[in-house]
Amino acid sequence: MNTTGSLDDLNALNAGDPSEMLRQVASSAAQIRQAQVMAAEAGVARLGDEGRPRAVVVVGMGGSAISGDVLAAVCGNSCPVQVVTIRGYALPGWVGVADLVVAVSCSGATEETLAVAVEAIRRGCRLVCVGAPDSPLTEIAAQGRALFVPVHSAGQPRGTLWGLTIPLLLAARAIGLADVPDEILEATATRLEDVSHRCRPSSETFVNPGKQLATDLAGAMPMIWGTSPLAGVAAHRFACQLNENAKYPAVYGEVPETNHNQVVAFDGFFGAARGSSGAPEDDFFRDRAEDGETGLHLILLQDTEEHPQVAKRREVSARLARDRGVAVTELMAEGTHPLERIATLIALTDYATVYLAIALGVDPTPVAAIQTLKARIV
(Lines give C-alpha, C1' and ligand atoms only; values in the text may rest on other atoms or scores of the structure.)
Protein backbone atom coordinates (compact mmCIF):
# COMPACT_ATOMS: atom_id res chain seq x y z
CA MET A 1 0.00 0.00 0.00
CA ASN A 2 1.57 3.26 -1.13
CA THR A 3 0.97 5.97 1.48
CA THR A 4 4.09 8.10 1.06
CA GLY A 5 2.57 10.63 -1.32
CA SER A 6 -0.22 11.76 1.01
CA LEU A 7 2.15 11.99 3.98
CA ASP A 8 4.62 14.22 2.18
CA ASP A 9 1.96 16.64 0.96
CA LEU A 10 1.49 19.30 3.68
CA ASN A 11 -1.85 20.38 2.27
CA ALA A 12 -3.09 16.77 2.38
CA LEU A 13 -1.78 16.38 5.93
CA ASN A 14 -3.62 19.48 7.11
CA ALA A 15 -6.81 18.44 5.36
CA GLY A 16 -6.59 14.95 6.82
CA ASP A 17 -6.14 16.21 10.38
CA PRO A 18 -8.83 18.89 10.77
CA SER A 19 -8.85 18.78 14.59
CA GLU A 20 -5.04 18.90 14.77
CA MET A 21 -4.20 15.64 16.49
CA LEU A 22 -0.62 16.11 15.31
CA ARG A 23 -0.52 19.35 17.27
CA GLN A 24 -1.76 17.51 20.36
CA VAL A 25 1.03 14.96 20.04
CA ALA A 26 3.56 17.76 19.55
CA SER A 27 2.40 19.43 22.79
CA SER A 28 3.86 16.64 24.96
CA ALA A 29 6.92 18.58 26.15
CA ALA A 30 4.81 21.62 26.98
CA GLN A 31 2.42 19.38 28.91
CA ILE A 32 5.25 18.19 31.15
CA ARG A 33 6.30 21.72 32.01
CA GLN A 34 2.76 23.00 32.51
CA ALA A 35 1.76 20.02 34.65
CA GLN A 36 4.74 20.59 36.95
CA VAL A 37 3.51 24.10 37.66
CA MET A 38 -0.10 23.08 38.16
CA ALA A 39 0.77 20.18 40.44
CA ALA A 40 3.01 22.41 42.55
CA GLU A 41 0.29 25.06 42.85
CA ALA A 42 -2.20 22.37 43.89
CA GLY A 43 0.09 21.33 46.74
CA VAL A 44 1.14 17.84 45.62
CA ALA A 45 4.34 18.08 47.66
CA ARG A 46 2.23 18.06 50.85
CA LEU A 47 1.27 14.44 50.24
CA GLY A 48 4.59 13.48 51.82
CA ASP A 49 3.41 14.84 55.15
CA GLU A 50 0.89 12.00 55.45
CA GLY A 51 3.48 9.24 55.09
CA ARG A 52 3.77 6.35 52.69
CA PRO A 53 0.57 4.45 51.81
CA ARG A 54 0.28 0.68 51.74
CA ALA A 55 -0.52 0.83 48.00
CA VAL A 56 -1.20 3.35 45.25
CA VAL A 57 -4.34 2.62 43.26
CA VAL A 58 -4.86 4.66 40.09
CA VAL A 59 -8.40 4.59 38.71
CA GLY A 60 -9.26 5.74 35.22
CA MET A 61 -10.39 4.70 31.77
CA GLY A 62 -8.96 4.89 28.27
CA GLY A 63 -6.46 7.65 27.66
CA SER A 64 -6.57 8.67 31.32
CA ALA A 65 -5.90 5.18 32.69
CA ILE A 66 -2.62 4.75 30.83
CA SER A 67 -1.14 7.36 33.18
CA GLY A 68 -1.35 4.79 35.97
CA ASP A 69 0.51 2.24 33.88
CA VAL A 70 3.23 4.78 33.12
CA LEU A 71 3.50 5.55 36.84
CA ALA A 72 3.95 1.87 37.69
CA ALA A 73 6.54 1.47 34.93
CA VAL A 74 8.58 4.46 36.10
CA CYS A 75 8.41 3.36 39.75
CA GLY A 76 9.63 -0.06 38.62
CA ASN A 77 9.83 -3.47 40.24
CA SER A 78 11.89 -2.09 43.11
CA CYS A 79 9.03 0.16 44.28
CA PRO A 80 8.40 -0.60 47.97
CA VAL A 81 4.60 -0.52 47.55
CA GLN A 82 2.20 -1.89 44.98
CA VAL A 83 1.12 0.48 42.18
CA VAL A 84 -1.95 -0.77 40.32
CA THR A 85 -4.35 0.64 37.74
CA ILE A 86 -8.07 -0.10 37.99
CA ARG A 87 -10.23 0.19 34.89
CA GLY A 88 -13.83 -0.27 35.91
CA TYR A 89 -16.62 0.59 38.31
CA ALA A 90 -15.31 -0.85 41.59
CA LEU A 91 -12.26 -0.97 43.84
CA PRO A 92 -10.79 -4.34 44.77
CA GLY A 93 -11.93 -5.57 48.16
CA TRP A 94 -8.49 -5.15 49.73
CA VAL A 95 -8.30 -1.36 49.13
CA GLY A 96 -8.90 0.59 52.33
CA VAL A 97 -7.85 3.38 54.66
CA ALA A 98 -4.15 2.57 54.38
CA ASP A 99 -4.13 3.10 50.61
CA LEU A 100 -3.85 6.11 48.30
CA VAL A 101 -6.40 6.22 45.49
CA VAL A 102 -5.71 8.54 42.55
CA ALA A 103 -8.74 9.23 40.35
CA VAL A 104 -7.71 10.40 36.88
CA SER A 105 -10.20 11.72 34.33
CA CYS A 106 -9.22 14.21 31.66
CA SER A 107 -12.84 15.29 31.26
CA GLY A 108 -13.55 15.06 34.96
CA ALA A 109 -16.79 13.29 34.07
CA THR A 110 -15.83 9.69 33.31
CA GLU A 111 -18.64 7.52 34.66
CA GLU A 112 -16.52 4.67 35.95
CA THR A 113 -13.89 6.92 37.54
CA LEU A 114 -16.45 9.01 39.38
CA ALA A 115 -18.06 5.88 40.80
CA VAL A 116 -14.73 4.59 42.11
CA ALA A 117 -13.76 7.98 43.56
CA VAL A 118 -16.98 8.03 45.58
CA GLU A 119 -16.32 4.48 46.73
CA ALA A 120 -12.80 5.46 47.81
CA ILE A 121 -14.21 8.25 49.99
CA ARG A 122 -16.76 5.85 51.49
CA ARG A 123 -13.97 3.43 52.43
CA GLY A 124 -11.89 6.17 54.01
CA CYS A 125 -9.02 5.97 51.50
CA ARG A 126 -6.67 8.86 50.94
CA LEU A 127 -7.76 10.39 47.66
CA VAL A 128 -6.13 12.54 44.99
CA CYS A 129 -8.10 13.66 41.93
CA VAL A 130 -6.57 14.72 38.61
CA GLY A 131 -8.73 16.13 35.83
CA ALA A 132 -10.62 19.00 34.29
CA PRO A 133 -11.39 21.95 36.57
CA ASP A 134 -15.01 22.78 37.37
CA SER A 135 -16.11 19.21 36.67
CA PRO A 136 -17.97 16.50 38.60
CA LEU A 137 -14.59 15.15 39.72
CA THR A 138 -13.79 18.55 41.23
CA GLU A 139 -17.00 18.35 43.28
CA ILE A 140 -16.20 14.84 44.51
CA ALA A 141 -12.72 15.97 45.55
CA ALA A 142 -14.24 18.86 47.50
CA GLN A 143 -16.74 16.58 49.21
CA GLY A 144 -13.99 14.18 50.20
CA ARG A 145 -11.54 16.94 51.15
CA ALA A 146 -9.15 15.44 48.63
CA LEU A 147 -6.29 17.10 46.80
CA PHE A 148 -7.36 18.14 43.30
CA VAL A 149 -4.88 18.80 40.49
CA PRO A 150 -6.44 20.58 37.49
CA VAL A 151 -5.44 19.56 33.98
CA HIS A 152 -5.84 21.60 30.82
CA SER A 153 -6.69 19.17 28.05
CA ALA A 154 -4.65 19.28 24.86
CA GLY A 155 -7.83 18.31 23.02
CA GLN A 156 -8.41 14.61 23.67
CA PRO A 157 -7.62 12.51 26.77
CA ARG A 158 -5.26 10.37 24.70
CA GLY A 159 -3.54 13.57 23.54
CA THR A 160 -3.08 14.76 27.13
CA LEU A 161 -1.05 11.81 28.44
CA TRP A 162 1.72 13.86 30.02
CA GLY A 163 -0.60 16.46 31.48
CA LEU A 164 -2.33 13.60 33.30
CA THR A 165 0.78 11.59 34.16
CA ILE A 166 3.13 14.20 35.60
CA PRO A 167 0.88 14.94 38.63
CA LEU A 168 0.94 11.22 39.43
CA LEU A 169 4.73 11.08 39.18
CA LEU A 170 5.08 14.14 41.40
CA ALA A 171 2.69 12.63 43.92
CA ALA A 172 4.77 9.45 43.93
CA ARG A 173 7.92 11.54 44.34
CA ALA A 174 6.39 13.33 47.32
CA ILE A 175 5.73 10.05 49.13
CA GLY A 176 9.12 8.59 48.26
CA LEU A 177 8.12 6.09 45.58
CA ALA A 178 9.53 7.64 42.39
CA ASP A 179 12.95 9.11 41.68
CA VAL A 180 11.95 11.82 39.21
CA PRO A 181 13.85 15.03 40.02
CA ASP A 182 13.08 18.20 38.11
CA GLU A 183 16.19 17.64 35.99
CA ILE A 184 14.78 14.36 34.69
CA LEU A 185 11.43 15.95 33.94
CA GLU A 186 13.16 18.63 31.89
CA ALA A 187 15.41 16.08 30.17
CA THR A 188 12.31 14.11 29.21
CA ALA A 189 10.62 17.22 27.84
CA THR A 190 13.73 17.94 25.78
CA ARG A 191 13.71 14.42 24.37
CA LEU A 192 10.05 14.77 23.43
CA GLU A 193 10.87 18.00 21.61
CA ASP A 194 13.57 16.14 19.70
CA VAL A 195 11.14 13.39 18.67
CA SER A 196 8.65 16.04 17.57
CA HIS A 197 11.33 17.71 15.45
CA ARG A 198 12.21 14.43 13.73
CA CYS A 199 8.53 13.56 13.20
CA ARG A 200 7.34 17.04 12.18
CA PRO A 201 4.87 17.18 9.28
CA SER A 202 7.31 19.04 7.01
CA SER A 203 9.90 16.27 7.32
CA GLU A 204 9.69 13.85 4.41
CA THR A 205 8.96 10.18 4.92
CA PHE A 206 12.44 8.88 4.17
CA VAL A 207 13.89 10.84 7.13
CA ASN A 208 10.77 10.93 9.33
CA PRO A 209 10.55 7.88 11.65
CA GLY A 210 6.87 8.48 12.44
CA LYS A 211 5.84 8.61 8.78
CA GLN A 212 8.09 5.66 7.93
CA LEU A 213 6.53 3.48 10.62
CA ALA A 214 3.05 4.44 9.45
CA THR A 215 3.98 3.56 5.87
CA ASP A 216 5.39 0.20 6.96
CA LEU A 217 2.24 -0.70 8.92
CA ALA A 218 -0.36 0.31 6.34
CA GLY A 219 -2.28 -2.80 5.31
CA ALA A 220 -0.62 -5.06 7.90
CA MET A 221 -1.83 -6.54 11.17
CA PRO A 222 0.42 -5.07 13.90
CA MET A 223 1.64 -7.37 16.64
CA ILE A 224 3.41 -5.14 19.18
CA TRP A 225 5.74 -6.61 21.80
CA GLY A 226 7.51 -4.77 24.59
CA THR A 227 10.75 -6.24 25.91
CA SER A 228 10.34 -5.07 29.52
CA PRO A 229 7.43 -4.07 31.76
CA LEU A 230 8.16 -0.46 30.76
CA ALA A 231 8.18 -1.24 27.05
CA GLY A 232 5.09 -3.40 27.57
CA VAL A 233 3.20 -0.30 28.71
CA ALA A 234 4.40 1.50 25.57
CA ALA A 235 3.15 -1.46 23.50
CA HIS A 236 -0.26 -1.21 25.13
CA ARG A 237 -0.35 2.52 24.47
CA PHE A 238 0.67 1.99 20.82
CA ALA A 239 -2.16 -0.51 20.29
CA CYS A 240 -4.72 1.82 21.90
CA GLN A 241 -3.54 4.74 19.77
CA LEU A 242 -3.85 2.62 16.63
CA ASN A 243 -7.40 1.80 17.70
CA GLU A 244 -8.46 5.38 18.48
CA ASN A 245 -6.41 7.48 16.07
CA ALA A 246 -6.27 5.21 13.03
CA LYS A 247 -9.38 3.13 13.82
CA TYR A 248 -7.03 0.19 13.23
CA PRO A 249 -6.75 -3.18 15.00
CA ALA A 250 -3.62 -4.29 16.83
CA VAL A 251 -2.39 -6.98 19.19
CA TYR A 252 0.05 -6.17 21.99
CA GLY A 253 2.00 -8.06 24.63
CA GLU A 254 5.26 -8.35 26.53
CA VAL A 255 8.18 -10.71 26.13
CA PRO A 256 8.54 -13.39 27.50
CA GLU A 257 4.77 -14.01 27.82
CA THR A 258 4.25 -13.50 24.08
CA ASN A 259 6.67 -16.36 23.41
CA HIS A 260 4.17 -18.68 25.07
CA ASN A 261 1.14 -17.76 22.93
CA GLN A 262 1.25 -14.95 20.35
CA VAL A 263 4.36 -16.29 18.61
CA VAL A 264 2.31 -19.21 17.30
CA ALA A 265 0.35 -16.76 15.13
CA PHE A 266 3.43 -16.56 12.87
CA ASP A 267 2.32 -19.95 11.52
CA GLY A 268 -1.38 -19.11 11.21
CA PHE A 269 -3.81 -17.39 8.88
CA PHE A 270 -2.17 -13.96 9.13
CA GLY A 271 1.36 -15.30 8.96
CA ALA A 272 3.13 -14.82 5.67
CA ALA A 273 4.47 -18.37 5.41
CA ARG A 274 1.35 -20.41 4.97
CA GLY A 275 3.31 -22.71 2.71
CA SER A 276 4.18 -24.72 5.81
CA SER A 277 0.50 -25.59 6.30
CA GLY A 278 -0.31 -26.65 2.78
CA ALA A 279 0.08 -23.66 0.41
CA PRO A 280 2.20 -24.20 -2.68
CA GLU A 281 5.86 -23.53 -2.01
CA ASP A 282 6.14 -21.07 -4.90
CA ASP A 283 3.60 -18.84 -3.11
CA PHE A 284 5.87 -18.40 -0.10
CA PHE A 285 7.29 -15.00 -1.12
CA ARG A 286 4.34 -13.57 -3.02
CA ASP A 287 3.06 -10.08 -2.24
CA ARG A 288 0.13 -10.75 0.02
CA ALA A 289 -0.86 -7.06 0.18
CA GLU A 290 -1.39 -6.99 -3.58
CA ASP A 291 -3.58 -10.08 -3.21
CA GLY A 292 -5.76 -8.22 -0.71
CA GLU A 293 -4.54 -10.30 2.24
CA THR A 294 -3.40 -8.91 5.58
CA GLY A 295 -0.13 -10.20 6.97
CA LEU A 296 1.38 -9.82 10.42
CA HIS A 297 3.92 -7.11 11.16
CA LEU A 298 5.90 -7.64 14.35
CA ILE A 299 6.96 -4.44 16.12
CA LEU A 300 9.49 -4.94 18.90
CA LEU A 301 9.65 -2.03 21.34
CA GLN A 302 13.08 -2.55 22.84
CA ASP A 303 14.02 -1.21 26.25
CA THR A 304 17.65 -0.44 27.03
CA GLU A 305 17.25 -2.45 30.24
CA GLU A 306 16.22 -6.00 29.41
CA HIS A 307 16.53 -9.24 31.32
CA PRO A 308 19.35 -11.23 29.63
CA GLN A 309 16.96 -14.03 28.73
CA VAL A 310 14.47 -11.55 27.31
CA ALA A 311 17.20 -10.13 25.09
CA LYS A 312 17.83 -13.64 23.74
CA ARG A 313 14.12 -14.20 23.24
CA ARG A 314 13.77 -10.90 21.39
CA GLU A 315 16.56 -11.78 19.00
CA VAL A 316 15.22 -15.28 18.34
CA SER A 317 11.66 -14.00 17.97
CA ALA A 318 12.73 -11.50 15.31
CA ARG A 319 14.67 -14.18 13.46
CA LEU A 320 11.77 -16.62 13.70
CA ALA A 321 9.38 -14.02 12.29
CA ARG A 322 11.67 -13.10 9.40
CA ASP A 323 12.26 -16.78 8.60
CA ARG A 324 8.51 -17.10 8.14
CA GLY A 325 8.21 -14.01 5.97
CA VAL A 326 6.70 -11.84 8.74
CA ALA A 327 7.84 -8.20 8.58
CA VAL A 328 9.73 -7.02 11.66
CA THR A 329 10.38 -3.48 12.93
CA GLU A 330 12.58 -2.89 15.98
CA LEU A 331 12.36 0.42 17.85
CA MET A 332 14.79 1.32 20.63
CA ALA A 333 13.97 3.45 23.67
CA GLU A 334 16.18 6.51 24.15
CA GLY A 335 17.66 7.88 27.34
CA THR A 336 18.71 6.30 30.62
CA HIS A 337 15.96 7.20 33.09
CA PRO A 338 12.76 5.10 32.89
CA LEU A 339 10.69 8.22 32.22
CA GLU A 340 12.86 9.22 29.26
CA ARG A 341 12.76 5.71 27.85
CA ILE A 342 9.01 5.22 27.99
CA ALA A 343 8.37 8.76 26.77
CA THR A 344 10.49 8.33 23.64
CA LEU A 345 8.80 5.04 22.72
CA ILE A 346 5.35 6.54 23.23
CA ALA A 347 6.12 9.75 21.35
CA LEU A 348 7.32 8.05 18.18
CA THR A 349 4.47 5.57 18.07
CA ASP A 350 1.90 8.29 18.80
CA TYR A 351 3.07 10.14 15.71
CA ALA A 352 2.95 6.96 13.64
CA THR A 353 -0.69 6.30 14.53
CA VAL A 354 -1.77 9.79 13.47
CA TYR A 355 0.17 9.56 10.22
CA LEU A 356 -1.33 6.14 9.54
CA ALA A 357 -4.82 7.54 10.05
CA ILE A 358 -4.19 10.37 7.60
CA ALA A 359 -2.64 8.01 5.07
CA LEU A 360 -5.72 5.80 5.23
CA GLY A 361 -8.09 8.74 4.87
CA VAL A 362 -9.30 8.50 8.48
CA ASP A 363 -9.81 11.57 10.68
CA PRO A 364 -7.62 10.83 13.74
CA THR A 365 -9.68 12.74 16.28
CA PRO A 366 -13.32 11.54 16.36
CA VAL A 367 -14.27 8.43 18.34
CA ALA A 368 -17.82 8.02 17.03
CA ALA A 369 -18.21 4.43 18.19
CA ILE A 370 -17.38 5.38 21.79
CA GLN A 371 -19.85 8.27 21.73
CA THR A 372 -22.58 6.10 20.22
CA LEU A 373 -21.99 3.40 22.82
CA LYS A 374 -22.19 5.91 25.68
CA ALA A 375 -25.41 7.35 24.30
CA ARG A 376 -27.03 3.94 24.10
CA ILE A 377 -26.26 2.91 27.69
CA VAL A 378 -27.56 6.05 29.43
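The count of salt bridges comes to 20. A salt bridge here is a side-chain nitrogen of Lys or Arg within 4 Å of a carboxyl oxygen of Asp or Glu. This is a predicted model, in which local features need pLDDT of at least 70, side-chain atom pairs count only at pLDDT 80 or more, and totals for chains, interfaces and linings use all residues. Residues are numbered from 1 along each chain as its sequence is written, and side-chain values use heavy atoms, with hydrogens and water left out.

Start with E186 and R33. Their side chains meet in a salt bridge at 2.7 Å, N to O. The pair links distant parts of the chain, 153 residues apart: E186 sits in helix α9 (residues 182–198) and R33 in helix α4 (residues 28–42). Helices (H or I, at least four residues) and strands (E, at least two) are DSSP runs, numbered from the N terminus. E186 counts as partly exposed because its relative accessibility is 35%. R33 is partly exposed too, at 28%. The cut-offs are under 20% relative accessible area for buried and over 50% for exposed, with partly exposed in between (1.4 Å probe, protein chains only).

Helix α9 also holds R198. The side chain of R198 meets that of E334 in a salt bridge (3.1 Å, N to O). E334 lies in the loop between β9 and α13 (338–359), so this pair ties together parts that are 136 residues apart in sequence. R198 is partly exposed at 27%, and E334 is partly exposed at 25%.

A local pair comes next. R123 forms a salt bridge with E119, and their closest N and O atoms are 2.4 Å apart. Both residues lie in helix α6 (residues 111–123), four residues apart, about one turn of the helix. An α-helix has 3.6 residues a turn, so residues three or four places apart point the same way. R123 is partly exposed at 26%. E119 is buried, at 11%.

Salt bridges also form a network, linking E306, R314, R322 and E330. R314 is one of the buried residues of helix α12, along with V310, A311, S317, A318 and A321. Seen down the axis of α12, these buried residues fall within an arc of 125°, so they line one face of the helix. That arc is taken from the directions from the helix axis to the C-beta atoms. The buried residues pack against β6 (221–226), β8 (296–302) and β9 (327–332). Contact means heavy atoms within 4.5 Å. On the other side of α12, P308 and D323 are exposed.

Helix α12 (residues 308–323) has 16 residues and reaches 23 Å from its first C-alpha to its last, close to the 22 Å expected. The expected span is 1.5 Å times one less than the number of residues. G325 follows α12, with a positive phi near 80°.

P338 is found in helix α13. Leaving aside neighbours within four places in sequence, P338 is in contact with A73, V74 and L230. The C-alpha atoms of P338 and I184 are separated by 9.6 Å, although the two residues are 154 apart along the chain.

Finally, the surface. Y89, L373 and I377 form a nonpolar patch there, with about 320 Å² of accessible area together. L373 belongs to helix α14 (residues 368–377). L373 counts as exposed because its relative accessibility is 52%.

Definitions and conventions
Patch = residues over 30% accessible without salt bridge, like charges linked within 9 Å, V, L, I, M, F, W, Y side chains within 5 Å. Areas by Shrake-Rupley, 256 points an atom, 1.4 Å probe, with all protein chains shown as cover.
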